[in-house]
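Visitor: I'm new to protein structures, and I'd like to learn how to read one. Could you walk me through it?

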Amino acid sequence: MRRSGTRVLMILVGLAALVSACGGGKSSSGSARAASTPGGLIPIRTNTKLTCTATPYVVADKKGFFAEEGLVIEYTGELGEGQTLLPTILNGTNDIGESHPNALATYINEGAEVRAVTLNIVDPPADVDPKFRHMRFYVSPKSGIRSLADLRAYKAGGTITISGRAPSCNTFLANNIFSNNGLDKGRIEYVAVASDTAALQAVEQGNLDIAFIHPPFYYLAEQTGLLQIADSYDAGLGAAAGTYVYYFSNDFIETNPELVQRFVNAIKKAQRWANENPDEAMALTAAHISKEVNAVHFYYTGDGFPAEYIEPWILDLESEGALERGAITVEDLVTFEFEPRGGSGA
């Protein structure tokens, strides 16, 4: 088994303990939600988002899309992300989580009773400004690397270190960028770092070969003189290269289906608005997170839920040995109750 696959399996073992500690994945969040504000709005809870993932929520709040659906967003102050956010969904502290499909697949494989309900980020079409693509490879000019092709001879064919924690978008996209460009993904060693900023600093200091980062940190990378050699488009997966989903606990979905539908309606309006008004979306996000924001993601606005945006993420886990083939399907990850299976593009 390859090194990266082993690391994924180690994380899965940790997730099994995490889910068990939360009551075997059984959610306590399923009680029916009623209006509790003077205006008759129903609160829907999520963690206090201080990263670029805040954009759709902030837009839906500030532009009135939540209110149009009879909702009000409630930020709980729980700052967990990824697998540290999962327990707060399972115990009812938060209602909504976001995840890439590969991470969600590992949660469900270990017993977490959660499902995706709609799409968040996707990679934009080729004719959209590349600054909206999901991730970028940055290297130090001192490395001598100027393109993906240069990686073939880099370090005489030895290990290449890339920022990332399995399973994540970093590992999924780096694997696919290497494979799609005739590079040996077996040479990759993923290095967990605290943040995109830390990854950039590690590359600048010569402690990491490639920083694989998100907006809004592209601007910082370029300001520090690092070189871009690839982005998520180079994975050859189209919109699927950016797939990010919103998920709820199964209990919450079963008990509050109308509330989930209202959330889906509001967040899709917000995502369409953000795509059409990126400058104002950046300004709203910056005000919310109290940091300068120079780019935001590209969001899904099509009708329906395209299963083909989920499938590559499952296949990557299978190829890495992190999941048995067929153990997890699209239907295990997604409920099509709120958007029909299919889709009309990004």
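Predicted model: local features only at pLDDT ≥ 70, side-chain atom pairs only at ≥ 80, totals over all residues.

Visitor: At what angle do H10 and H11 pack, and how far apart are their axes?

Guide: Two packed helices are described by the angle between their axes and the distance between the axes. Here helix H10 (residues 257-276) meets helix H11 (residues 278-289) at about 115 degrees, with the axes 5 Å apart. That makes H10 roughly perpendicular to H11. Helices are DSSP runs of H or I with at least four residues, numbered from the N terminus. Axes are lines fitted to C-alpha atoms over the stretch in contact, with angles from 0 to 180 degrees between N-to-C directions; 65 to 115 degrees counts as roughly perpendicular.

Visitor: Which residues make the contact?

Guide: From H10 come Trp273, Ala274, Asn275 and Glu276, and from H11 come Pro278, Glu280, Ala281 and Leu284. Contact means heavy atoms within 4.5 Å. By class, there are five nonpolar, one polar and two charged residues. (Ala, Val, Leu, Ile, Met, Phe, Trp, Tyr, Cys and Pro count as nonpolar, Asp, Glu, Lys and Arg as charged, and the others, Gly among them, as polar.)

Visitor: How does H2 pack with H11?

Guide: Helix H2 (residues 55-62) and H11 pack at about 100 degrees, with axes 9 Å apart. That makes H2 roughly perpendicular to H11 too. Thr55, Val58, Val59 and Lys62 of H2 touch Ala281, Leu284, Thr285 and His288 of H11.

Visitor: Now the rings. How many aromatic pairs does the structure hold?

Guide: There are 11 aromatic pairs. Rings of Phe, Tyr and Trp (its six-membered ring) pair if their centres lie within 6.5 Å; planes under 30 degrees apart count as stacked, over 60 as edge-to-face and the rest as tilted. Take Phe172 and Trp313, a stacked pair with 3.7 Å centre to centre and 15 degrees between the planes. Phe172 lies in helix H6 (residues 169-180) and Trp313 in helix H12 (residues 311-319), so the pair ties together parts that are 141 residues apart in sequence.

Visitor: Are Phe172 and Trp313 buried or exposed?

Guide: Phe172 and Trp313 are both buried. Buried means under 20% relative accessible area, exposed over 50%, and partly exposed in between, using a 1.4 Å probe and protein chains only. For another stacked pair, look at Phe248 and Phe252, with centres 5.3 Å apart and planes at 20 degrees.

Visitor: What does Asn102 touch?

Guide: Asn102 sits in helix H5 (residues 101-109) and is buried, at 1% relative accessible area. Leaving out residues up to four places away in sequence, Asn102 touches Pro167, Ser168, Cys169, Thr171, Phe172, Trp313 and Leu317. So Phe172 and Trp313, the stacked pair, turn up in that list.

Definitions and conventions: Residues numbered from 1 in each chain as written. Heavy atoms only, no water. Helix = DSSP H or I, 4+ residues; strand = E, 2+ residues; numbered from the N terminus. Parallel < 35°, antiparallel > 145°, perpendicular 65-115°, else oblique.
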